[in-house]
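Welcome, and thanks for stopping by. Please take a moment to look over the sequence and the model, and then we can walk through a few places together.

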Amino acid sequence: MKPVSFDYSVPENSLAVVEHLKNAQGTAKIVAGNQSLGPMLNLRLVRTNALIDVGLLAEVRKCVVNQDNVFIGAGITHAEIEDGDVQDPTNGWMREAAGNIAYRAVRSRGTIGGSLCHADPAADWLIVLTGLKAFAIVQGLSSNRKLPVENFITGPFTNDLKEDEILMGVEVPKPSATAKWGYWKFMRQVGEFAKASAVIYHDEHKQITRCAIGALGRQPLLLHNPEKIFDGTLTPANAIKESLPDRDFAEMTMHVTAIERALSIARNRSEPGK
Amino acid sequence: MKDPKSYRSNGIGASVKRLEDDRYLRGRGKFVGDIRLPGMLEIAFVRSPLAHANIKNIHKPEGVEESVFICEDLISVSGIKADSGLPGFKSSVQPILASKKVRHVGEPVVACVAKNRAAAEDIADSIHIEFEELPAIHDMKTAMDAGNPLIHESWDKNCFLETNVETNFDEAIISASSIVKRTFQTARQCMAPMEGRAVVAQWDDQLSQLTVHSATQMPHIVRTGLSECLGLEEGKIRVVAPDVGGGFGYKGILLAEEVFAGWLAMKTGRPVRWLEDRREHLTSGANCREHHYEVVGYADSTGQLLAVSCEAIVDSGAYSIYPFSACLEAAQVASILPGPYKMLGYKCKTYSVATNKPPILPYRGVARTGVCFAMELIMDALARDLDMSPKDIRIKNLVKKHEMPFINITNKHFDSGDYCEAVERASTAIDFDKLRVRKQNCNANEKLGFGLSIFCEQGAHGTSVYRGYGIPMVPGFEQSNLRLTPDGGLEVRVGVQSHGQGLETTLAQIASQELSIEESKIKVVHGDTAYTPYSTGTWGSRCIVMAGGAVSAASEVLAKRIKKIAAHLLQASPEEIILKDGKAQGKNNEIAISDIAHAWYRQPHLLPEDVDPRGLEVTEGYKTVRDTGTFSYACHAVIVSVDLELGNVKILDYVVVEDAGTMINPMVVDGQVLGGVAQGVGTALFEEMPFDTAGQPMASTLADYHLPVASDLPPIQIIHMETPSPISRYGQKGIGESGAIGPPAAIANAVNDALAPLGVEINQIPITPSRVLKALSSAKMGLNS
Ligand SMILES: Cc1cc2nc3c(=O)[nH]c(=O)nc-3n(C[C@H](O)[C@H](O)[C@H](O)COP(=O)(O)OP(=O)(O)OC[C@H]3O[C@@H](n4cnc5c(N)ncnc54)[C@H](O)[C@@H]3O)c2cc1C
């Protein structure tokens, strides 16, 4: 279980990264915390000529607080979010989610950007950031773009980045003071990926209600009629029945339960951070 | 047997801190992977990606021919053969590298050698093998069907061995009023010692010797096996097991990889090594526990067990492994299924079925874990049928204290114990209050349940038991060599291997008890064929009884010789001398044991004329009073909660009542029990290597193969009973495997207790959320019987 040999470089800035990517024409890969890429390199599931380490790049290691949102650099680690080293726009919801990713050793190195780019269907940030209506900030050679997280993730383990683009970070809107939030995931064991997960986000002031489920083997699924799910007029079972026609009984039960439990968290815990 | 009451605080019975932990806790253990030799080459194997296929062609790319080896290169090397003498046993030969055919995924086909592992893997990447795929035998239940492709062409069906025992069955069931029939299934598992398998081999011209460092539980057996396969005299082979990071049976085997490394070291004249990685471990090492049972239990209206009948299939995989063979598991099923119970009649058929899976190996507890699961679930099923409590039905049918020693229906000689007391104590210790309180407060989607299991464990069984199996290894006398050093220290040499059992401490405690030399001055030497007497090694919960007995026997002889010299030096008679606090004491005077050593080695003019010329070095052999084994036993009691919406099972309280006979070191016994219970929880709830219909193992990383982790384990309360065994030196009984045996049965019984009101019963492990949810949904739809 040893990777094929590769070159390793630490670029000065994001421009150098995208130039390197461009020249390599698909034979180089960005590495951040190496928590997902490392095992795949070792298993030779991924073979690359070069690794470009963005883990120390100042541009992706920063956090910027704006009026309506907070920009969190792609290179910010789960542990830094968990510990409150960077500002949590949601006053605690993100910290809590970060603290339940894997175990501390993985959180110390794994990054929010790496997690989104790797796009494991069961990963926490995928569903949490989808639920929060966050945006991915992407830098290319000549231009930047900003797209909703749910569009950034295009499928299981696939994202919208072009060969010569880097994810700079995510922009997370600040919920209003009365917003309600529930995130629940089913893991049998501490540190394992979720078997089923659900978020519910209800911000009356901003007129946003979102409900998503994760760990589906595809990107998180935003459910229709989230308001009705939140107010109870649409049961979780009915809400997902149409969207997931061919899942087996046990799996459906777990997803339904995940929504029910996320709902109960959201209803019983109103303000952000409580 | 010696009187356990006479023990000192730092000898037998003391919780002496483990001497070996000093180096382990500081990260200074020395494992095979820590060995660096100049010019060492590394091996990467190309393993079969298919479960069953003919090999058509192997392409070695140009330029790497010298570094690539296939079966045809291994001139005069034989494959591994491990036949059983049981009538009807079908023989298999496990090739060192597969030549014409592959029989399971992960079987080594080509070996690539380079200066490091990465480079060897690069070469392995470039090898192309053409296969002609054959249908895979992936399901033991249909493996023997006519018309199936044969895994071994010369056989008539895919089965190593069938056995059939029947005792008094038809008469016994005449008055049966409760008859319960169940099908049980256990999963194929991967034993998971922290250190994988590992070999470093080196040829030494000066000694004309092949030295093989191997992470093995049985260095002497590996030497014999290597000798047979390589055609090299045993005297030209030295096998060393340095620190070994856990075994559990996974390392109780002669490996094809070991044979290849030995051959390669001789061929190249350079040191070579192979370290198993986790992927190799998971794809080619899922090799234990897979059983299928059809069991019928018969009881009369008072709950008295009349008889049990069983048809058991063991998925033995593709080859018979060395030295335990392909049928040890099934042989144990037939002989141990009745457990600690009395019954009038019994019959059991077993099939050691061959499949295209890795060959089955005995894992801690061997068949007992599966057997205990089957038997204890039948007992609970009978209890439910008869409206009795799980405790009452057990008390009614267990062998009673006053009946000991007891010969059971399969002729097992239970040496001693009070099984009913163990059940009583476990039922008292479990936190029923917690259960009641939680039951009142638990919400609609949670159910709580209580479960019991009890079993006895034959350990340290010897010649008379193993000669019946007729496998390559039959244990006889266990030997130990003791040497008093010139400065009064003691070297204790044993042929077993310690890899977590704490034998460097417990064997020292025994020698210390007998000779009064401090444990810190005693060096236990093990795991090296050059230094230690022959032994079948560490398996079968045998070391503390057998090696411990041997150390005791040798100590006794050494004590006599010490006393003889002491008597001369003290002008006393040998009978007067006692050994105490490192001294030989006469009535009025004393002399340090170190001075006696000094006299023998450095001032022989001081010795008596008739001193024993064999000096202060002793080798003695030992057997238990009868070699049918000690029977330790345990009762496990557990409370679980089942989440009805997620199918998730949580353990709330866990109690083990354990009788290891006389405990040489209670702390070490606790450690063995705790580790075993953790593995048993894995078996009960998490561990499973699924194979698809093509015979592909479906979990290739630890993200898919779930081992129990710290947070899955509740605090485990251990209660000791100490009924000495009448057949061992101090009354000690084998305890090494025990912890891993009881949990699946107790946990499944607790889950079934929780789900009984819903009409649901689960008879398959591991009990995963999807299995629970499936069972709940079929019950809802009225499908559950
Ligand atoms: C044992 C274990 C348990 C885990 N459990 C969980 C869990 O419960 N929940 C969970 O959500 N996650 C879990 N993870 C995954 C973990 O969160 C990883 O940190 C995360 O998936 C990847 O982050 P990383 O920084 O390590 O990325 P890397 O491994 O370095 O990279 C991952 C991928 O993203 C690309 N990439 C990284 N950064 C960028 C960037 N800025 N721009 C473009 N591409 C980029 C890389 O090229 C690569 O393809 C677990 C991981 C392990 C090892």
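Is B:Asn397 buried or exposed? At 2% relative accessibility, B:Asn397 counts as buried, because buried means under 20% relative accessible area. Please keep in mind as you read on that this is a predicted model.

**Around B:Asn397**

B:Asn397 belongs to helix 9 of chain B, which covers residues 390–397. Its side chain reaches the backbone nitrogen of B:Leu305 at 2.7 Å. Leaving aside residues up to four places away in sequence, B:Asn397 touches B:Gly303, B:Gln304, B:Leu305, B:Pro340, B:Tyr341, B:Lys342 and B:Met379.

| Residue | Relative accessibility and class |
|---|---|
| A:Cys211 | 1%, buried |
| B:Asn397 | 2%, buried |
| B:Cys71 | 22%, partly exposed |
| B:Lys447 | 26%, partly exposed |

Two of these are cysteines, A:Cys211 and B:Cys71. How many disulfides are there over all chains? The count comes to zero. B:Cys71 is in no disulfide, and the nearest cysteine sulfur, that of B:Cys229, is 12 Å away.

B:Lys447 sits in strand 22 of chain B, residues 446–459. Not counting residues up to four places away in sequence, B:Lys447 touches B:Val640, B:Ser641, B:Val642, B:Leu644, B:Ala754 and B:Leu758. B:Lys447 and B:Val649 lie 202 residues apart in sequence, while their C-alpha atoms are 9.7 Å apart in space.

**A sheet in chain B**

Next, find the open sheet in chain B that three strands form in the order 6-2-8, with antiparallel pairing. Its edge strands are strand 6 (101–102) and strand 8 (128–133), each of which pairs on one side only. Strand 2 (residues 53–59) pairs with strand 8 in the antiparallel sense over six bridges. In this sheet, B:Ala53 stands opposite B:Glu133, a residue of strand 8. As background, strands of a sheet pair through backbone hydrogen bonds, either parallel or antiparallel.

**An enclosed helix in chain A**

Over in chain A, look for helix 7, residues 124–131. Why is this helix described as largely enclosed by the rest of the structure? Eight of its eight residues are buried, so helix 7 of chain A is largely enclosed. Among them are A:Trp125, A:Leu126, A:Ile127 and A:Val128. Just after this helix, A:Lys133 takes a positive phi of about 60 degrees.

**Where the chains meet**

Finally, bring both chains into view. In chain A, 22 residues are in contact with 28 residues of chain B. The two chains bury about 2100 Å² between them, with 53% of it on carbon and sulfur atoms. A:Met1, A:Arg188 and A:Gln189 supply 33% of the area that chain A buries against chain B, more than any other three residues.

How many salt bridges are counted between chain A and chain B? The count is six. One of the salt bridges joins B:Asp125 to A:Arg44, with the closest N and O atoms 2.7 Å apart. On the side of chain A that touches chain B, strand 11 (180–186) and helix 11 (249–268) of chain A each supply at least two residues. Helix 11 of chain A gives the most to that side, with seven residues.

Terms used. Residues numbered from 1 in each chain as written. Chains lettered and ligands numbered in written order. Predicted model: local features only at pLDDT ≥ 70, side-chain atom pairs only at ≥ 80, totals over all residues. Heavy atoms only, no water. Pairing = 2+ DSSP bridges. Helix = DSSP H or I, 4+ residues; strand = E, 2+ residues; numbered from the N terminus. Buried < 20%, exposed > 50% of the residue type's maximum accessible area, 1.4 Å probe, protein only. Disulfide = S-S within 2.5 Å. Contact = heavy atoms within 4.5 Å. Polar contact = N/O pair within 3.5 Å; in protein donor to acceptor, adjacent residues only side chain to side chain. Buried area = accessible area lost by both parts, 1.4 Å probe. Salt bridge = Lys/Arg side-chain N within 4 Å of Asp/Glu carboxyl O.
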